[in-house]
Structure formats: structure tokens, C-alpha cells
Amino acid sequence: MSLSSVQPDASRQAKPSLSCDLVMEGGITSGIVYPPAALKLKEKYTFRNIGGTSAGAIAAAGIAAAEFNRDNGGFEYLDTHVRVWLGEDSNLSDLFQAVPHTKPLLDLLHVLLPSPPPGTSTAQSNKQPMNKTQAPKPPSVLQNLLNVMGLAFRVLGSWFVRYPPLSLGVVLGISLGIILSVLPPLAIFAIVYLFSPASAAQGIWILALFLVILGLLGAWLGWHVSGIISSIAYLPKNFYGICPGHSDSANLKVPNLTDWLYTKFQEMAGVDLNCPLTFEQLSAKQIELKMVTSNLSHNLPYLMPEGLHNFLFKKSEMLKLFPQKVVQHMIDNQPDSRNPDPERRPLIPREKLPELPDQDGYYYLPNSEKLPVVVCTRMSLSFPVLLSAVPLYTVGTLAYKAYISSVNQGQDPPRLAADAMQLNWFSDGGICSNFPISFFDAWLPSRPTFGIYLASLSQATSTLQECAEELSSAATHAVLKEDDAIYLPKPEEAQDPEWSQVNGLLDFALAIFSTAQNYRDTMQANLPSYRERIVQVRLNDSEGGLNLTMPRSVIDRVVTKGQEAGEKFCDPNEFNFDHHVWVRFLVLMAQLEKNIVGMRKVLNSPDFENQLQQQLSVSTDPQSRYPYWEGKDKQWCDDTIKRIEALRTLINSWNIEPMDEREQPCFFHKDAPVPQPTLRVTPAV
């Protein structure tokens with residue numbers, strides 16, 4: 001498709017005067033709900049800050065590219081060449097393509113996660129009680145047996161038409177399958193021959209035919225089982241994933257996921273296919289894009305693009321995951337080691353990094369503004385096992401200190417040894433933060449930050465609060481109806497926690513992972529001043545998630561839910577920004593009041609006054625200086641005292657009386673929005 005194929009439309013609406021931020025949750029194929037929601041929102045709002053994780057990161061990057069090219073058909077492209085295309089044929093599932101060695105695992109995944117038949121209606125699909133007080137009874141032994149048999153038949157049926165590639169391991173598996181299948185009847189024949197040679201001789205031809213049939217079945221089963229085992233063993237070589245997301249082949253009917261994303265981002269933004277869209281280009285049009293990735297080697301989330309400073313990559317590895325033009329762009333935009341800003345220059349000049357025998361060494365990732373959008377998107381969307389992780393490198397601390405020591409001594413430091421480089425595996429951002437709704441928080445916002453949250457249509461809730469008529473006037477009790485597939489809470493509606501049945505070891509293990517992954521996001525999303533701007537899109541078990549082969553009817557149903565979610569935000573009866581700012585104000589003032597009371601006690605204490613004077617007076621004594629004292633002179637100390645006095649005056653003059661007998665604040669805290677949050681210093685992610 002040419003860049004000019006999406007032309008400006010004379011009838012296109014004028015650019016909206018209102019602006020908004022948007023944050024989207026991760027969810028693999030559930031991400032198809034986001035384009036139709038954005039297409040509704042863009043009619044009323046322009047997008048300024050956009051963020052997401054995993055599939056939400058894909059949607060965020062796509063919406064940012066469309067907003068970048070709004071005047072020349074960016075959103076029209078998002079509609080016709082992304083939203084519509086994903087719902088056609090098997091395009092969605094075809095984006096996830098395995099390499100030959102891991103294809104048996106992808107085929108098995110398709111079988112283990114079947115989609116509902118195309119004839120399933122929307123009404124049948126959505127008719128699941130959301131506020132049930134009891135979970136359905138666990139399946140009986142007979143039902144479990146039938147389910148296992150059905151699964152076995154699906155697996156065997158798939159194996160009749162798909163075969164793993166032959167390799168040494170597969171050949172050994174075939175041989176072992178033949179041996180294990182023919183050995184038992186041969187042993188039985190040997191025993192019969194030992195006691196009755198004549199009888200055994202009469203059945204020799206029947207035995208031979210029987211052994212041939214068993215041998216063929218054993219070889220067939222051995223072929224497939226060993227193929228699965230070989231695929232699992234190959235995963236580390238494929239960066240711990242079934243699908244790398246990239247292929248250099250030009251003969252594919254549908255491109256791989258990363259290649260498709262790169263092309264769509266470029267064409268949607270209206271930029272040259274040979275020059276990757278960067279964060280700098282987005283910022284030039286006042287569009288800020290944020291994503292999260294998970295560094296499994298550091299056990300930490302990283303905020304992108306700025307969090308990737310001083311990470312390195314190998315060209316040969318990046319070429320397995322990204323188009324050549326993207327990798328070349330990163331090589332051509334290395335950080336300048338002469339830059340005076342430490343946040344813009346690399347730790348060590350590249351010529352001092354190790355050389356590789358097959359390549360020309362390690363390369364730094366470009367600085368945040370020069371990073372291609374598709375690179376950060378792919379790093380956020382690395383769903384464990386399904387998609388390959390992204391390998392990046394850091395310099396070990398000991399090696400770096402040795403390098404700095406050589407520089408400080410005026411020596412020419414040698415090139416680093418290969419063992420100084422540490423391999424870091426970056427996987428799905430949703431592992432650490434699947435719904436980073438606090439991305440663009442402001443104490444008092446000037447525009448709304450909308451969130452789209454993917455929930456389960458079939459989950460029950462647990463009542464832990466009193467009924468609505470017995471609650472204080474500051475809150476009511478949220479009650480969802482059976483048909484509330486799209487739900488935007490009101491500011492006063494305190495929601496009950498969702499409840500899922502844990503039935504069996506697998507459910508228990510999944511519940512542990514889900515709790516560790518989502519507890520922080522779930523609690524944040526239920527706070528006042530958050531919940532009324534987070535639309536909940538409730539999907540059933542056949543919609544989104546790992547359902548890679550959803551039929552057209554299911555995809556259309558999810559798309560419709562996305563459109564309805566966007567409409568909720570655009571309807572002034574559903575979302576009122578003035579009401580949101582008012583709630584935000586009440587939450588903020590209650591928290592400030594709580595902390596100011598504590599500060600007043602400390603600031604008015606003689607002990608604090610004496611301690612502060614002592615701390616500021618040691619500025620001239622190098623042996624007694626406090627941490628972070630560098631650059632703080634007597635003038636700074638004098639200005640600090642003035643600011644402390646101004647703060648004390650402000651606090652003492654702010655009428656926070658009356659307080660109760662326990663010296664606790666009770667002005668803004670009385671009937672404050674519930675549940676009440678905590679104002680504290682936390683990391684950016």
C-alpha cells in the first residue's frame with residue numbers, strides 16, 4: 001500500500017477542541033477492543049498522552065501514529081486497514097507465526113484453546129450472571145472424562161494433518177515409539193512360544209501383522225510426542241518463545257506480528273517505510289507515548305522509552321526480532337559519548353566494548369527520543385512463551401568501576417572483556433504492571449485520563465460493605481446487571497471485589513500468578529477519582545485472551561463492545577469531567593490534610609528546629625556533611641530556612657480545626673470519597 005492511498009476527506013470533522021489521555025490494559029487478542037474505542041473517542045477528543053502494556057501498548061502506539069497523522073487520514077487508516085482487517089478471515093491468528101522447530105507447540109496451543117463455533121450468538125455468549133452469589137458446581141467425574149476425551153480427540157485429529165519437522169530428536173522419538181509399541185506383544189509371544197511352540201508358530205503371521213500396525217502407531221505417536229519435546233527444548237534458542245514475531249521471508253500471505261506492526265505504524269503515521277517512526281517525531285506534535293516492559297533478569301519493570309538508557313544489543317540478535325531497517329536505524333543513532341548530559345551519553349564509549357567474532361560488537365540502544373516506536377511496542381508485547389523475549393545487555397558493575405578507575409588514573413582503559421556483559425531478558429510488561437492507569441496522573445488534572453480495563457463477564461463479586469441505604473452519604477453501593485458488558489462506574493459507586501472460584505491445583509497456581517500480577521492495578525482502579533474514568537469492558541471466556549482463532553462473529557462482538565466503551569466516555573451523562581475534578585479535589589485535600597497534621601506536629605517541635613539548625617550548620621565541615629550535600633552552600637541554607645518558615649506559616653494559618661480528641665483531621669476526611677487512598681512516594685511504574 002502506498003503512503004498516499006489514504007487521502008484527506010473534505011467531509012472529515014474539524015479537530016476537536018478537547019484533549020484527553022488514554023491508558024489501556026494488556027490482554028493479547030483482547031486488544032482488538034481498543035481501535036473501535038479510540039475511533040469513537042477521537043470524534044470528541046485529541047489524544048495527548050497515550051500509554052499501555054502488552055496488547056495495550058500495541059493499541060497505544062497505533063493510536064499515537066493515527067493522531068500524528070490525524071489531518072491526513074491516520075484514523076481512517078486505523079479503521080479500514082487495522083480494525084476491519086483484523087476481523088477478516090484468519091488474519092488475527094496468522095500474525096502469530098512460529099518457526100518450524102516450534103510450530104508443533106503453536107499447533108498444540110490452537111487445539112488446547114478452541115474458539116466457540118461461528119454460530120454462537122451474542123445473546124448466548126453474554127448471558128452469564130455477573131453478580132451471582134455462588135459459582136457453578138464443579139463438573140462431575142463423567143463430565144471431566146468427556147472433556148478429557150474430547151481434548152484427546154482434538155489433539156489426535158490435529159496430529160493427523162500436521163507433522164513436526166524431522167530432526168535427530170524426532171528420529172530417536174520415532175524409534176523409541178516403535179520399540180515401546182512392539183516390545184510388549186513380542187514379550188508375550190516369547191512366553192507363549194516357550195510353553196507352546198506349536199501354538200505360537202500357527203499365529204506368527206497374525207503377530208507380524210499386529211506388530212506392523214502397532215509399530216506404525218508407535219512411530220506416529222513417537223513422531224508427535226518427540227516433536228513437542230523437541231519444540232520445548234528449542235525454546236531457549238528462539239529466545240524463550242514460540243513466535244519470534246519477525247521473518248525475512250517475502251513469500252508470506254500474512255506478515256509476522258512485528259513486521260505487520262511496523263508497516264501499519266509507518267503507513268498510519270504517513271512516514272517513509274525506510275525511516276522508523278520515533279518518539280521524537282511524536283513529541284514534536286505534542287503526543288507522548290509510554291509503555292512498560294519487564295526485565296526478568298532484574299526482576300523490575302522498566303518505563304519506556306526513557307528507562308532503556310545504557311542498555312545494549314547485538315545486531316545478530318535484533319535481526320531475528322526486527323526488520324533490518326529498524327536495526328540499522330538503531331545502529332546509526334548511537335548515543336554521543338561526548339554529550340555533557342549524562343542522561344544522553346553512554347556509560348562507556350562503544351570502541352571500549354567487547355568485539356564479537358561474527359559481528360562488529362555491541363551497540364547501545366539510541367537515546368529515548370531516537371528509539372523506534374515499534375521496538376518499545378514489541379518489548380512490551382512479549383507474552384511469555386507465545387512470543388520471544390527480547391535480549392539486551394548491561395555492563396557489570398565491577399567491570400564499570402574498573403574502567404572508571406583506569407580513567408581517573410589517567411590510563412587508557414582496555415576494551416572490556418566479554419564476561420563484563422550481562423544478558424537481560426525483557427518480557428511482557430503485563431508481568432509487572434498490566435494496567436498502568438497512574439501513568440499520567442496529576443493532583444488536579446487539566447484534561448481527563450481515560451482507562452480501558454478488561455474484566456471477566458462471568459466473575460462474581462463479594463459483598464464486604466453495608467447496603468447502599470446504610471452507607472454514608474459519600475458513597476453508594478455499585479450493583480452490576482447481567483447485561484452490563486460495558487460498565488463505567490459513577491464517582492460515588494464503591495465496587496465490591498471480584499471473586500473467582502479456585503478449584504484444583506491448576507486454578508490455585510493461576511490464582512497465585514494473577515494476584516501477584518494484578519493486585520496493585522486492581523486496587524488502584526477501584527479508588528475514587530480513578531474508577532469513574534475507567535470503563536470496564538467485560539469479556540466472556542471465548543472473547544480475547546489467548547483465543548487466537550476467534551471466528552468473525554466473536555471478533556465483531558468484541559469490536560462492538562469497544563465502540564460502546566468509547567461512547568461511554570463521549571456521553572456527558574456517563575462521564576462528567578467537572579465531577580471528576582471535584583472528586584479528585586476532595587481526595588487530594590483529604591490526603592493533604594492528613595499529612596499536614598503530621599507535618600505541623602514535626603515542624604512546630606523544638607527538636608526539629610534544633611536538628612535542622614545542626615544539619616545546616618555542618619555545611620562547612622567536610623567530615624560531618626549529610627548525604628546529597630554536594631552543591632549546597634550557605635546561601636542555599638539561608639533559603640532553606642526561609643522556605644521552612646513559609647511552610648510553617650502556611651500550615652499554621654490553614655484552618656484545619658476542628659480536630660477530634662485524638663488530634664486527627666476531620667474536615668475533608670469527613671465523608672471523604674471511599675475507599676480512601678494513601679499519599680506516598682512511589683516509583684514511576
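A cavity, in my notes, is a set of points on a 1 Å grid over the protein atoms alone where a 1.4 Å probe fits but cannot get out, and its lining residues have an atom within 4 Å of a point. Grid points are joined across faces, edges and corners, and a volume is the space filled by probe spheres set on the points.

**Ground rules**

I am working from a predicted model, where local features need pLDDT of at least 70, side-chain atom pairs count only at pLDDT 80 or more, and totals for chains, interfaces and linings use all residues. I number residues from 1 along each chain as its sequence is written, and side-chain values use heavy atoms, with hydrogens and water left out.

**Entry 1: the chain overall**

I looked up the secondary structure and got 21 helices and 17 strands. Helices (H or I, at least four residues) and strands (E, at least two) are DSSP runs, numbered from the N terminus. Of the 685 residues, 47% count as buried, meaning under 20% relative accessible area with a 1.4 Å probe, protein chains only (exposed is over 50%, partly exposed in between). I also checked contacts, which are heavy atoms within 4.5 Å. Among those between residues at least 6 apart in sequence, 81% join residues at least 24 apart.

**Entry 2: the cavities**

With the probe rule above, I count four cavities of 30 Å³ or more. The largest cavity holds about 330 Å³ of space. I find 25 residues lining the largest cavity, and the closest to its centre are Gly31, Ile58, Leu86, Trp260 and Leu261. Which helices supply at least two lining residues each? They are α1 (34–41), α2 (55–68), α3 (74–86) and α11 (257–269), and α11 gives the most, with six residues. I sorted this lining into 21 nonpolar, three polar and one charged. For that sorting, Ala, Val, Leu, Ile, Met, Phe, Trp, Tyr, Cys and Pro are nonpolar, Asp, Glu, Lys and Arg are charged, and the others, Gly among them, are polar.

**Entry 3: aromatic pairs**

Searching the whole structure gave me 19 aromatic pairs. Rings of Phe, Tyr and Trp (its six-membered ring) pair if their centres lie within 6.5 Å, and planes under 30 degrees apart are stacked, over 60 edge-to-face and the rest tilted. One of the pairs is Phe313 with Tyr363, which is stacked at 5.7 Å centre to centre and 25° between the planes. It links distant parts of the chain, with Phe313 in strand β6 (residues 312–314) and Tyr363 in strand β7 (residues 362–364), 50 residues apart. Phe313 is buried at 0% relative accessible area, and Tyr363 is buried at 4%.

I then turned to Phe450 and Phe575, whose centres are 4.9 Å apart with planes at 75°, so this pair is edge-to-face. Phe450 is in strand β11 (residues 449–456) and Phe575 in the loop between α18 (552–570) and α19 (577–603), 125 residues apart. Both are buried. Ring pairs also join Phe450 and Phe575 with Tyr45 and Phe569 into a cluster.

**Entry 4: charges over rings**

Here I asked for NZ of Lys or CZ of Arg within 6 Å of the ring centre and within 35 degrees of the ring normal. Lys285 lies over the face of Phe68, 4.5 Å from the ring centre. The charged end of Lys632 sits over the ring of Trp636, 5.5 Å from its centre.

**Entry 5: Leu308**

Is Leu308 buried or exposed? Leu308 is buried, with a relative accessible area of 1%, and lies in the loop between β5 (300–304) and β6. Leaving aside neighbours within four places in sequence, I find Leu308 in contact with Leu303, Leu365, Leu371, Cys376, Met379 and Phe426. Leu308 and Cys376 are 68 residues apart in sequence, and 9.3 Å apart in space, C-alpha to C-alpha.

Technical notes. 1 Å grid on protein atoms, 1.4 Å probe; cavity = no way out; pocket = protein on both sides within 12 Å on 5 of 7 lines; lining within 4 Å.
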